[in-house]
Amino acid sequence: MNKIVAMAAKDIHILFRDKLGFFFTVFFPLMMAIFFGAMFAGLSRGPANIPIALVDQDRTAASERFIERLGQASGLAVEEIPREEALEQVRRGRTAVLVTLTPGFGAALDNPFVATPEVEMTVDPTQFAVAGMVRGVLLEAAGAELQDLMSDPARLGAANSQNSLFFESLPPSDARDQMLTFLDLSPRVSSLIDEMGLGAATGGNQGFFGPPLEIEQTEVQAERPGPTNSYATSFAQAMLWTLIGGSVSFSMSIAIERSRGTLMRLLVAPVTARHLLAAKGLACLGATLFTSSALITLGITVFDVRPTSYPLLALALLCGSICFCGIMMALSVIGGTEQAAAGIGWGLSLPLSMLGGGMVPLFLMPEWMQTLGNISPMKWTLMAYEGAIWRGFTLNEMLLPCAVLVAIGVLAFTLGARNLRWDTG
Amino acid sequence: MLVFDHVSKSFGDLRAVDDLSFEVEAGEVFGLLGPNGAGKTTAINMAVGLLEPDEGVVRFTDEAFDRDPRDAENRRSLGLAPQSIALYEQIGGADNLRFFGRLHGLRGSDLEERVVACLDFADLTDVGKKVVSKYSGGMKRRLNLAVAIIHDPELVLLDEPTVGVDPQSRNAIFERVEQLREGGKQVVYTTHYMEEAQRLCDRVAIIDRGRLMALDTVPALIEAHGGPGNLVVRTGDSESRHETTDPLGTLAELQARQAVDHFQYLPPDLEAVFLNLTGRALRD
């Protein structure tokens, strides 16, 4: 064991003496964390299409028409799901807003003279900016509905006939008579305005009728809030980059030992190949654990990153390092020389990082790319890191990414170790 | 005692070592002399267990043991200074020694004593903390040698330890090798410089194309295979060379015929031995 520790300590010592290796393992990720953190500062999670959950309790043609209109609105991805499931999604922070079309919504939409259509909006209070945007889209859709109604004499007439029957049933009064006169005239409002050539100047007829939609907003405290700030995301990415930098540096170290002749000395010493493998693995594990821990410590102390669970963060750090130690060993085999090891290491790491959210945060990527990212160990690493830093994973939720990471690590290490060339030339 | 018993090793069609047999005694510097590609490094690699012979055996024997080169216990008793400088350049000389000492099981004060002794042996005490990348070529060579003896091995294998070093550093290395012999170590010294073999080695195995051509002490090899020496004589502007086994008699004969202004006797050497044994010069 002492020999393994001695060899691992030597490798770590050399890594930190190697300016280029140290740069890629520590400073490059740190610079990325600060750069992207600053770049995205002030933005909340704002994907191109905001996912909203929608519950239609009205189930009328009008409510379906409204939902269809919402689906066509740019910036929203509407998913109709049962209310309980939708509430759970809001609680979990997976959906920022739940919109519920309550019973009577469709009737009010078709006949806004007697009642304003109402929706309930359940929001995660941390997503206030997204909620504001959704509110705007809802109002816009309701306004468009009203405009369509006012410009369709047949629909308006049908609504007024129904309203006239109602008002005629009331006791006679001046107000009742004026209302009936107004209802009689209203289907012709559009054509009268057009006849006067004032269509554009009035901007439509909805100005006559107050707000087109009543929105009752309630808040549901998400149990898993989003990132406390942009650095929570960028530091998770930076930690991933320390793993990538560390694994590529260590994958080169075996080739370097071979080309510099020190592998020969090691093989002549009273140590076994198993000792050497264990030492390389331990060194890579130690270095990546140390650097990623140092980075997140910096994020916590200086950049106000607040992990939701420290024990799960420790677990994520360990599993991420195990995964990349295995990748290191596999890369060592593929690259016979230090140049080849470095080239192949970075050549594989960069596209996989891109796919796995190492460059652009996963939540900003298109859905298909997020799905494709499942093949990238970087995605699982980020998922584990983010799960502990801001996604608020439970232990059960953390098990999947951690199990994937450990499995990749063990598999890659085993394959690498079995195929490693121990010759010295 | 290191024993090669009818050892052969091939790489594809190339027979790098062909039926090589020798024994290295305690307290001697044993030379493996031959041109580049003669099979010296392959023999060294088999001696330390990095390569396995195709035929024959390599053993480390004593009254008490008979070990394979790959035996972990055996590895503690041998030290190798590879032909290329094999050091961690990013760390200090002392740290290199400390690291390899730990691999050989040294700890605590024992380790520190050996580090100090090896730095002193390599004349690097003042620069022990300096990173190796800042060392001169000669300093790296001396450290390369010192690392091989950090664990005080019984057998030290030096594979062309003076390649690429200046004459001053070469002399420094010779002195270290002589110190090792005085310390009772077995030293296997490979070289293609006959002057080094002639100066340092108690016995020399001359190998060519993997085969052992001759093995004996330097004087015995010269006696057996060196042939006559050369008497170089200058008379006026002319210079002539005369092969002779009796330089004084030959000089007297030449003096009797005409006055000799200047003469020099060149005795036979290992270069002549190699030429006579192989028909080729050592540096071909």
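Keep in mind that the model is predicted. Searching the whole structure over all chains turns up ten aromatic pairs.

**Aromatic pairs in chain A**

- Take A:Phe235 and A:Phe303 to start with: their ring centres are 5.2 Å apart and their planes make an angle of 40 degrees, which puts the pair in the tilted class.
- That pair bridges distant parts of the chain, with A:Phe235 in helix α11 (residues 230-260) and A:Phe303 in the loop between α13 (273-302) and α14 (310-334), 68 residues apart.
- Both of these phenylalanines, A:Phe235 and A:Phe303, are buried.
- A:Trp241 and A:Trp346 make a stacked pair, because their planes are at 20 degrees, and the cut-off for stacking is under 30 degrees. Their ring centres are 6.5 Å apart.
- A:Trp241 is in helix α11 and A:Trp346 is in helix α15 (residues 338-356), so this pair ties together parts of chain A that are 105 residues apart in sequence.
- Both tryptophans count as buried because the limit is under 20% relative accessible area: A:Trp241 comes in at 2%, and A:Trp346 at 18%.
- A:Phe235 and A:Phe303 also belong to an aromatic cluster with A:Tyr231.

**Charges over rings**

- One such contact runs from chain A to chain B: A:Arg265 lies over the face of B:Phe100, 5.6 Å from the ring centre.
- Another is within chain B, where the charged end of B:Arg170 sits over the ring of B:Tyr193, at 4.4 Å from its centre.

**The A–B interface**

- On the chain A side 21 residues are in contact, and they meet 28 residues of chain B.
- Helices α1 (2-17), α11 and α12 (262-268) of chain A each supply at least two residues to the side that touches chain B.
- The largest share of that side comes from α1(A), with eight residues.

Terms used. Residues numbered from 1 in each chain as written. Chains lettered and ligands numbered in written order. Predicted model: local features only at pLDDT ≥ 70, side-chain atom pairs only at ≥ 80, totals over all residues. Heavy atoms only, no water. Phe/Tyr/Trp six-rings, centres within 6.5 Å; stacked < 30°, edge-to-face > 60°. Helix = DSSP H or I, 4+ residues; strand = E, 2+ residues; numbered from the N terminus. Buried < 20%, exposed > 50% of the residue type's maximum accessible area, 1.4 Å probe, protein only. Lys NZ or Arg CZ within 6 Å of the ring centre and 35° of its normal. Contact = heavy atoms within 4.5 Å.
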